[in-house]
Amino acid sequence: MSRNHRCCEYHLGTLGYVVEEAVCPGTALVVETGRPAVMELDPAPAELVLPREVAVEIRAARSSDWMSRSDGPPFELRLSAAG
């Protein structure tokens, strides 16, 4: 996947996002939340990813050996809809 398209692809209709170092980009973290993505053009999104969720998921990825500053393929973290 190219860096420009990871954030815009829908995988299995679920909500996801990409985390990458701003200053020294390396291996991207691709988080699949397991929650349904709303594909309608609605000004108010039905699902939001909150900053506290992102922080928890970054810590989980780091404890699973994600190294954000090293080169390599995207590191995928797949969550269940509950969590």
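Reader: Which residue in β3 is the bridge partner of E32?

Author: In β3, E32 has R78 as its bridge partner. Strands here are DSSP runs (E, at least two residues), as are helices (H or I, at least four), numbered from the N terminus, and two strands pair if DSSP finds at least two bridges between them. In this structure β2 and β3 pair in the parallel sense, over 4 bridges. Please keep in mind that this is a predicted model, in which local features need pLDDT of at least 70 and side-chain atom pairs count only at pLDDT 80 or more, while totals for chains, interfaces and linings use all residues. Residues are numbered from 1 along each chain as its sequence is written, and side-chain values use heavy atoms, with hydrogens and water left out.

Reader: In what order do the strands of the sheet stand?

Author: The 3 strands form an open sheet in the order β1-β2-β3, with mixed pairing. β1 and β3 (75-78) stand at the edges with a single partner strand each, so one side of each has no neighbour in the sheet. From one strand to the next the twist averages 20 degrees, where axes are lines fitted to C-alpha atoms, for helices over the stretch in contact, and angles run from 0 to 180 degrees between N-to-C directions. Along the sequence the chain reads β-β-α-β, which comes to 1 helix and 3 strands.

Reader: Which residues make up the largest nonpolar core?

Author: Such a core is a set of buried Ala, Val, Leu, Ile, Met, Phe, Trp, Tyr and Cys residues joined through side-chain atoms within 4.5 Å, and buried means under 20% relative accessible area (exposed is over 50%, partly exposed in between; 1.4 Å probe, protein chains only). Here the largest one has 8 residues, namely Y17, V19, L29, V31, I58, A61, W66 and L77. The elements giving two or more residues to this core are β1 (14-19), β2 and α1 (51-63). Leaving aside residues up to four places away in sequence, V19 touches A28, L29, V54, I58 and W66, contact being heavy atoms within 4.5 Å.

Reader: Is R35 buried or exposed?

Author: R35, which lies in strand β2 (residues 29-36), counts as buried because its relative accessible area is 15%. Its side chain makes a polar contact with the side chain of E53 at 2.9 Å; that term covers N or O atom pairs within 3.5 Å, where within protein one must be able to donate a hydrogen and the other to accept it, and residues adjacent in sequence count only if both atoms are side-chain atoms. Over the whole chain, buried residues make up 28% of the 83 residues.
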